[in-house]
Amino acid sequence: MTAIISEQTYICDRHPRGIVLVVDDNPANLQVLSSFLDESNFEVWAVRSGEKALQKLNSDNLPDLILLDVMMPGMDGFETCQHLKNDPRSEDIPIIFMTALSETDDKVKGLRLGAVDYITKPFQHEEVLVRIEHHLQLRNLTKTLIAQNTELQKTQTQLIQAEKVATLGQLAAGIAHEVNNPINFIAGNLNFLEQYVQEIIDLLELYQKHLTEPPNEIKTAIEKSNLSFLLNDISKIIQSMQLGTNRVTEIVSSLNKFSRHSEAGKKLANLHEGIENTLLILGHRLKANAHRDTILIIKEYGNLPLVDCYPGEINQVFMNLICNAIDAIEESQKNQKFPETSNNPGVIRITTELKGEKVILKIADNGLGISEAEKTKIFDAFYTTKPVGKGTGLGLSIAYQIVVNNHHGKLYYQSKLGEGLEFIIELPI
């Protein structure tokens, strides 16, 4: 057994119980602690100054616990501890001070800086081992609790969102059902109305043909009402009403298809149909308004087979991602004047393709994109960059749960700050 007492890592050849960084300017102390901890099956990193300890922590691998001498030349233990606790990468690593000092003020100072314990020199091996094991156990328990709490929060988020989606689906289905009956009644009557009006127009034209010189009272009435304009415009009005009722019928149909999340089990679904239904429902958000021009939708659809999935859930993913793209475009244009947005309109590009045994769907926008700091949090529950009242931070988290957990697919993104954001969905056929 050997211990390397330079600024190198001592690695034991047995399965370690954890990594301990020992910081002490005394080579004899380093040798004693390294040998003892090695015999106790720990991996030991040994350095002789606070500066070297901070350099050691610049690597990707981090120790599980730090034994830190208080009295060292240059950067002492207190200053080293302060640096460690100010670094997000090392702030949670337990630090045990090693000192011959017995003054209460020194111990209080160290504990206030973030140390978890003290051991005094000369070392008692059994005491050192018990304290290390105790704090490693506490740290592992804390990690486990944090992981379980995170998982519990995700589960709770899923349950809350599932209930919201179920309620929304029931509401959409109910509205669709209630609207469907009267709109069918109106659409049916419009057909008869158009037929009756046409018959009246034909009859009037017949009167005009055979009664070329009507009484002055009828002539005056025709001129006053501009009969030719009325007859021409009434047909246009009926056609416009028919287009309106057809539009409402399409929206009702889309609501019915969109709310199919209540269906039990997976079903073969046409993903293009799901995208089209979602775009139809979001049509009002894509239109031009007082602040910006129309958001353009560019569709590049490949030849996709039917996909075995939960159609309602996948529609929810489309809804969340497209809404996110619209929000990103609106945020990027909020300080621009209308002519600027007209020259550089918002664009959402939707691309689909078949690749082997999976389908790839991409939804990209030309908004502001996201920063490096946001990239690690984008799928976290309740995380949002939107103003208060604008977003809940649930949309992308739920989309991730649906694609990855419920469909065993992938959901990831590509983005450069200032150049927009592209979400990629991969679903197995």
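Buried, in this talk, means under 20% relative accessible area, exposed means over 50%, and partly exposed covers what lies in between, with a 1.4 Å probe and protein chains only. The structure under discussion is a predicted model, in which local features need pLDDT of at least 70, side-chain atom pairs count only at pLDDT 80 or more, and totals for chains, interfaces and linings use all residues. Residues are numbered from 1 along each chain as its sequence is written, and side-chain values use heavy atoms, with hydrogens and water left out.

I shall begin with the aromatic residues. Both Phe78 and Phe97 are buried. Rings of Phe, Tyr and Trp (its six-membered ring) are taken as a pair if their centres lie within 6.5 Å; planes under 30 degrees apart count as stacked, over 60 as edge-to-face and the rest as tilted. The structure holds four aromatic pairs. In one of them, the ring centres of Phe78 and Phe97 are 5.4 Å apart and the planes stand at 75 degrees, so this pair is edge-to-face. Helices (H or I, at least four residues) and strands (E, at least two) are DSSP runs, numbered from the N terminus.

Phe97 also pairs with Tyr118, and here the arrangement is tilted, with 5.5 Å from centre to centre and 40 degrees between the planes. This second pair again links distant parts of the chain, since Tyr118 belongs to strand E6 (residues 117-120), 21 residues from Phe97 in strand E5. Tyr118 is buried, as is Phe97. Together, Phe78, Phe97 and Tyr118 make up one aromatic cluster.

A further ring takes part in a contact with a charge. The charged end of Lys56 sits over the ring of Trp45, 5.4 Å from its centre; the criterion is that NZ of Lys or CZ of Arg is within 6 Å of the ring centre and within 35 degrees of the ring normal.

I turn now to charged pairs. A salt bridge is a side-chain nitrogen of Lys or Arg within 4 Å of a carboxyl oxygen of Asp or Glu. Searching the whole structure gives eleven salt bridges. One of them joins the side chains of Asp117 and Arg131, at 2.8 Å from N to O. Why does this pair tie together parts that are 14 residues apart in sequence? The reason is that Asp117 lies in strand E6 whereas Arg131 lies in helix H5. Asp117 is buried, at a relative accessible area of 17%, while Arg131, at 26%, is partly exposed.

Arg131 has another partner, Glu127, with the closest N and O atoms 2.9 Å apart. Glu127 and Arg131 are four residues apart in helix H5, and therefore about one helical turn separates them. Glu127 counts as partly exposed, at 29% relative accessibility.

Elsewhere, Glu300 forms a salt bridge with Arg349, the closest N and O atoms being 2.7 Å apart. Because Glu300 lies in strand E8 (residues 296-300) and Arg349 in strand E10 (residues 347-355), the pair ties together parts that are 49 residues apart in sequence. Both ends are partly exposed, Glu300 at 37% and Arg349 at 34%.

Next, helix H5 and the surface. Tyr207 lies in helix H5 (residues 125-210) and is exposed, at 53% relative accessibility. With Leu203, Leu206 and Leu211, Tyr207 makes a nonpolar surface patch of about 400 Å². Patches are made of residues with over 30% relative accessible area and no salt bridge, like charges being joined within 9 Å and nonpolar side chains (Val, Leu, Ile, Met, Phe, Trp, Tyr) within 5 Å. Ile186 also lies in helix H5 and is partly exposed at 38%. The C-alpha atoms of Ile186 and Met241 are separated by 9.4 Å, although the two residues are 55 apart along the chain.

Finally, the cysteines. How many disulfides are there, taking a disulfide as a pair of cysteine sulfur atoms within 2.5 Å? The count comes to zero. Cys309 is buried, at 1% relative accessibility, and Cys323 is buried as well, at 18%.

Terms used
Disulfide = S-S within 2.5 Å. Areas by Shrake-Rupley, 256 points an atom, 1.4 Å probe, with all protein chains shown as cover.
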